[in-house]
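Please keep the sequence and the structure in view while reading.

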Amino acid sequence: MTHNLPLSAARLWDSLMDMAKIGATPKGGCNRQALTDTDAAGRAQLLAWGKALGLTATIDRLGTIGLLRPGRDPMRKPVAIGSHLDTVPTGGKFDGVYGVLAGLEIMRALQEAGAETEAPILLINWTNEEGARFFPPMAASEVAMGLADEAKLLAMREIHGEASFGGELARLGFAGEAAPALWRDIACYFETHIEQGPFLEERGAPIGIVTHALAARAVEFTVTGRDGHVGSTMESRADALAAGAELLLAGERIALDTAGGGMASITRISVTPDARGNIPSGTRMLGSARHQTTAGLEAMLAAWQAAADRIAAARGVGIIMERGWGYPETRFDPVLLGRLEAAAGQRGLAAHRLPTPIGHDAIHLGRVLPAAMLFIPCHGGLSHNEAESITPEWAEAGLMVLADAVIETAGLIR
Ligand SMILES: [Zn+2]
């Protein structure tokens with residue numbers, strides 16, 4: 001360690017609990033879905049904390065917030081730390097929030113010490129990481145990295161309603177003026193997050209060094225059968241739901257049979273005419289597939305397409321398979337990962353390398369610039385759940401390792 005900053009795990013914990021009051025649910029979780037009034041209140045709290053530290057706030061056209069602490073060298077690009085304050089409807093206190101507030105605590109410690117860094121440090125709160133209200137997830141970081149279309153996202157309607165992404169930004173006063181591409185002008189990016197899986201807790205390791213993200217792709221199946229009375233006959237039916245059920249199980253089978261860790265799920269199904277007395281004539285199914293490698297994912301999707309063709313022929317229905325949102329296998333930056341790992345070692349914290357099968361803004365950043373992710377454990381691997389929990393010790397471990405790596409990267413002067 002080359003620094004002795006007054007990092008306070010207790011202050012970080014207090015801020016986590018303060019943020020958890022915004023959108024608190026009766027079961028102890030949080031509902032701060034993107035671009036709702038509660039999300040706006042969470043953002044306002046972050047801005048107030050940033051203002052108290054004298055940080056310069058910038059808001060881009062997608063509502064993403066940056067809080068900048070200047071460095072001594074005007075030629076150096078900022079070292080960025082980021083995550084998200086938005087949650088799913090029945091979310092917990094830590095998913096995303098921990099990464100933002102750990103970054104804030106680093107800013108507080110620097111300020112308290114009167115310390116200066118060579119490079120500026122930038123804290124980012126990405127809009128709509130979760131994708132619970134507006135699809136897709138990680139939407140603003142994807143646009144910021146030049147990987148998705150800004151106008152299309154601004155026009156996006158909420159999943160269960162008519163409000164638009166851009167309309168809600170304007171209503172809440174978070175439609176900023178900066179171009180989202182602004183966030184590409186950084187030296188590198190660090191994101192810390194709860195694991196959302198049981199790996200670290202089971203191994204008694206407080207630190208996860210995230211080596212890469214699995215390739216992921218959303219899929220959508222449209223099955224077209226033929227309407228009919230359920231009491232007519234079992235012969236010559238074209239049952240779109242029965243075909244859909246086979247498709248769902250085919251995906252599960254393909255994932256289980258794929259070497260090297262395949263995953264596939266159908267998570268939403270809608271049926272037409274959705275009437276008890278009718279043989280379903282239409283089924284729409286949404287899901288996703290994942291694999292360690294992009295090639296492995298492509299092979300799984302090809303197998304799922306072949307299964308769809310086979311089921312369609314056997315059952316006399318039409319099946320269209322479409323690919324949606326996703327990302328390739330993404331490797332995080334080895335130099336930054338090494339810095340995180342060394343920091344854990346110097347602090348005597350057990351660290352394990354692991355990939356992330358779950359999406360994070362860091363993945364889109366890692367596709368175009370040096371980025372790294374750090375995990376801390378969460379109890380039982382539970383997340384996207386109001387009972388999601390971590391220990392103060394895990395929170396402290398992640399804060400220390402993140403701070404060490406960020407400070408080393410930015411260069412501490414005093
Ligand atoms: Zn998250």
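**Backbone features in loops**

Ser-236 sits in the loop between strand E8 (228–229) and helix H8 (240–257). The phi of Ser-236 is near 45°, a positive value in a residue other than glycine. The model in which this is seen is a predicted one.

- Most residues other than glycine have a negative phi, and most peptide bonds are trans.
- The peptide bond from Phe-135 to Pro-136 is cis, with omega near 5°. Pro-136 belongs to the loop between strand E4 (121–125) and helix H4 (139–144).
- Thr-272 and Pro-273 are likewise joined by a cis peptide bond, with an omega of about 0°. The loop that holds Pro-273 runs between E9 and strand E10 (278–279).

**Domains**

- According to the domain assignment, the protein chain has domain 1 (9–213 + 329–410) and domain 2 (215–327).
- A distance of 34 Å separates the C-alpha centres of domain 1 and domain 2. To their contact, domain 1 gives 10 residues and domain 2 gives nine residues.
- Helix H11 (residues 361–368) supplies three residues, the largest share of the side of domain 1 that touches domain 2. By class, that side of domain 1 has five nonpolar, three polar and two charged residues.

**Strands and sheet**

- Four strands form an open sheet in the order E9-E11-E7-E12, and their pairing is antiparallel. Strand E9 (263–272) and strand E12 (318–327) are the edge strands, each pairing on one side only. On average, and with direction ignored, neighbouring strands of this sheet are turned by 15° against each other.
- E9 and strand E11 (residues 282–291) run antiparallel and are joined by nine bridges. In this pairing, Ser-270 stands opposite Arg-284 in E11.
- Helix H9 (residues 294–315) lies across strand E7 (215–224), E9, E11 and E12, and runs at about 165° to E12.
- Elsewhere, strand E1 (residues 56–59) and strand E2 (residues 65–69) run antiparallel, with four bridges between them. Ile-59 has Ile-65 in E2 opposite to it. E1 and E2 make a hairpin with five residues between them, and Gly-63 in the turn has a positive phi of about 85°.

**Helices packed against H12**

- Two packed helices are described by the angle between their axes and the distance between the axes.
- Helix H1 (residues 9–20) packs with H12 at an angle of about 115°, and their axes are 9 Å apart. H1 and H12 are therefore roughly perpendicular to each other, and the crossing is right-handed. In this contact, Ala-9, Leu-12 and Trp-13 of H1 meet Pro-392, Ala-395, Glu-396 and Leu-399 of H12. The contact residues comprise six nonpolar, no polar and one charged.
- Helix H3 (residues 97–113) and helix H12 (residues 392–410) pack at an angle of about 60°, with a distance of 10 Å between their axes. H3 and H12 therefore lie oblique to each other, and they cross in a right-handed sense. On the H3 side, the contact is made by Tyr-98, Ala-102, Glu-105 and Ile-106. On the H12 side, it is made by Ala-395, Gly-398, Leu-399, Leu-402, Ala-403 and Val-406. The residues of this contact of H3 with H12 are eight nonpolar, one polar and one charged.
- Helix H10 (residues 334–346) and H12 pack at an angle of about 130°, and their axes lie 8 Å apart. H10 and H12 are therefore oblique to each other, and H10 passes H12 in a right-handed crossing. H10 contributes Leu-336, Arg-339, Leu-340, Ala-343 and Ala-344 to the contact, while H12 contributes Val-401, Asp-404, Ala-405, Glu-408 and Thr-409. Six nonpolar, one polar and three charged residues make up the contact of H10 with H12.
- Ala-395 and Leu-399 of H12 take part in the contact with H1, and Ala-395 and Leu-399 are also among the H12 residues in the contact with H3.

Conventions: Residues are numbered from 1 along each chain as its sequence is written. This is a predicted model: local features need pLDDT of at least 70, side-chain atom pairs count only at pLDDT 80 or more; totals for chains, interfaces and linings use all residues. Axes are lines fitted to C-alpha atoms, for helices over the stretch in contact, and angles run from 0 to 180 degrees between N-to-C directions. Helices (H or I, at least four residues) and strands (E, at least two) are DSSP runs, numbered from the N terminus. Angles under 35 degrees count as roughly parallel, over 145 as roughly antiparallel, 65 to 115 as roughly perpendicular and the rest as oblique. A crossing is left-handed if the near helix is turned anticlockwise from the far one by less than a right angle, and right-handed if clockwise. Two residues are in contact if their C-beta atoms, placed from the backbone, lie within 7 Å. Ala, Val, Leu, Ile, Met, Phe, Trp, Tyr, Cys and Pro count as nonpolar, Asp, Glu, Lys and Arg as charged, and the others, Gly among them, as polar. Domain bounds come from an automatic or database domain assignment. Two strands pair if DSSP finds at least two bridges between them.
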